[in-house]
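Please read these notes with the model open beside you. They go point by point.

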Amino acid sequence: MLPGMPAAQAQVQVQPVGFNAAAAPAAADDKASENGAPLPQVDALRKQLDAMPLKPGDLEEGRRLLTDVNAIAQAAERVIALRAGELAELDRRLEGLGPAPESGNPAEAPDVAQQRKLLDRQRASIDSELKLARLVAVDAEQRGADLVRQRRALFRAALTTRSDSPLGPSFWRNLRNAAPRDLVRLRALGTDLTTSISAALQSPQRGAFWTYLALALLLAVAGPWLAERVLLRVLPARLPAARLRRTLLAAVAVVTHVFIVATALQLTWNAVQLGGPLSDELLALRQASLRAVIYASFVIALGHALLSRRHPSWRLLAIRDELARSLSPFPWWIATLSALGALVTELNVIVGASLSAEVFIHALFALLLSVTVAKALGHLRTAPATPAADAAQRTDERPLWVGLILAGAGLAVAAAVLAMALGYIALAGTLARQMVWSGVVFACTYLLMQLGDDLCDALLSSKGRVGAHIHDTLGLDAQLLDQAAVLVSGVLRLVLFFYMVVALMAPLGTDPDELLHRGSSLNHSLQIGDITIAPQALLTALAVVCAGFLGIRLLKHWLAERYFPHTSLEPGMRVSIVTLLGYVGAVVVVAVALAGLGISVERIAWVASALTVGIGFGLQAIVQNFISGLILLAEQPVKVGDWVVLGDTEGDVRRVNVRATEIQLGDKSTVIVPNSEFITKTVRNMTLGSAQGRVLLRLPAPLDTDARRMRELILQAFYAHQGILDSPAPSVTLEGIQSGTLTFLAIGYVSSPRQAAGVRSEVLFAILEALRAAGLTLSPPATTTVAQPQGEPAQERS
């Protein structure tokens, strides 16, 4: 076989008569082994699947069985992928040989006939194995689905199982009775560990044993400190002076800290293993300790990166130094307690401890974690105000999502303590673990979102070095680059949010709606006609409404504050889009919530029919204003920032709602006008047709006035004012002669109608001074007006 040629292709090339087709699958299997894990046999997979118990005894066994079933399914899929490719290649090869000659026709050449026979035999073997592999994959998928359902049932049963309360004497009596047997099992594991250590010390590799321990101690003690110093010295000089420095340094510090601590523990276990192979119990203890230490080091490093007690300028959270110092011990406590609780729980499984010991461990660590989290929440609630010096960078205004998280954590603490006091130890332990895990997931997601935003700003934004290079090289518009940076950042946030939700459910070992499904087991539902409303459905609808409206609010805020500032849309269009999006999103959220209650749109059609009469009479004005508001938002004859005149009302449009529009008058008062007024009445929009305003002056002068000199002085006054535009140029014409008086008509243009009044006054002062200096006078009465430019009249709607 040629180097680099796929096995499936090599086995179907034209071979001489002595070609061994039976060796081709073996060659393909050898090639698969070279590329990865050895290709399993389908018969072995079937035996493994059939040997598995149909029902798990507990949640841990269910998890192991589900892992094994998934591994079997993946192995079967590997076989299917490989054999399907081989089968397709054989079919192509047989097609190249042409159809077999029918009876009565001349026979084909002997070597071709033998080649066809060998290929047919090989195809039948591969096709049979492929069908068996597909059957194994389907059976494994069905078995996995059954295990998931059984684990859900076990999970619900565990949460609702009530044991002896720690406040009662029976709890401690059972623990005392089981303690001697548990201590014997624990001493046996300790003896096994000390025996392995003694064997390592007595072996010829005793020097390596102490070397491993010394390196592990050095890494665990000095490694994180030294790594932080190196990162602070190396990274800032090689990164742009932007927020990316902080976030990237924090992310690298977390990964480095976890790697160093995990390496130190691995070196320790390598030292213990020098005395000989470890027992199954010690191997399980090694895996459990590695998982616990990696988790604890990750939580500690993450908390240190976010709080940054010693380097406030690198802190990612906008909090005071005093609050950061008061919160800095809690990542250590939470990480130590949660990791130690998980390790002790695994240790109970390894030594086969009693149920009383397991319940005691769950109760103890649930209480300790709840107290620790409650103490941390107390520090957050009593945090002092931000000083005025930091007011520009930091604010005391707490975002809504932070308040919701803190409120949820407080409720979880109270629920965990209450559940433990009532004897629901499994529920209390689950709440405590989920509470801590949720905090870790939120903190990690926050760090990753900040890192994603800063990377997009540094790599795509026109303000960054890379973005500026792209702008200069490709000629892309800077505003387009800024929009791309914001959009990519938003997509990353959406992806991170999705994985955050998935990670939040990981400790539960089930899908996100598991707790909601438990409501159906209560068998308490409300029957209204053909509609059945269960507690599960009510919780689902409530969750949809809360999450939906929160998502709409966050999306509107992101559009208004992050995306739209990088676009060329007018402020009025931005407000209109955000407003319409809010109403459309509200309708969608309500529809989804009704679907969660089991009430479809068709079911509420009769409600709309019954309301038709009421809408036709009592709600006619409201509906009229609502439709008018939609027309204003869509067509935008009047938008935010326009200067409008509606009857006796004249002012600036400040907000366009679906029902009414707010107009701010000159005295800063606000008039709320129904939207139907803008549709049914004449509206003068001073800023719609053109942003320019016109200063018009009619100046009367005596008949013996030097008209040309008068015209020059008026033009000089217009040109000398900075507010008068050069294009269109100012003009002065002699409008007429009436009653022995010359009437001069002077017109100048300003950039906005709002400037016309002030400019008119200043130009008049300049004209009067110039006429007085030139010895010229005006004849009473003199009138001035301000109007829109000719050819671009103000908009009128009727």
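1. S326 sits in helix 10, residues 321-327; helices here are DSSP runs of H or I, at least four residues long, numbered from the N terminus. S326 is partly exposed at 23% relative accessible area (buried is under 20%, exposed over 50%, partly exposed in between; 1.4 Å probe, protein chains only). Its C-alpha atom is 9.3 Å from that of L380, 54 residues apart along the chain.

2. This is a predicted model, in which local features need pLDDT of at least 70, side-chain atom pairs count only at pLDDT 80 or more, and totals for chains, interfaces and linings use all residues. Residues are numbered from 1 along each chain as its sequence is written, and side-chain values use heavy atoms, leaving out hydrogens and water.

3. The structure holds 16 salt bridges (a side-chain nitrogen of Lys or Arg within 4 Å of a carboxyl oxygen of Asp or Glu). One of them joins R46 and D139, at 2.6 Å from N to O. R46 belongs to helix 3 (residues 42-51) and D139 to helix 5 (residues 110-160), 93 residues apart. R46 is partly exposed at 23%, and D139 is partly exposed at 22%.

4. D91 and R123 also form a salt bridge, with their closest N and O atoms 2.4 Å apart. D91 lies in helix 4 (residues 59-97) and R123 in helix 5, so the pair ties together parts 32 residues apart in sequence.

5. R493 is in helix 16 (residues 478-504) and D453 in helix 14. R493 is partly exposed at 26%, whereas D453 is buried at 4%.

Terms used:
Helices (H or I, at least four residues) and strands (E, at least two) are DSSP runs, numbered from the N terminus.
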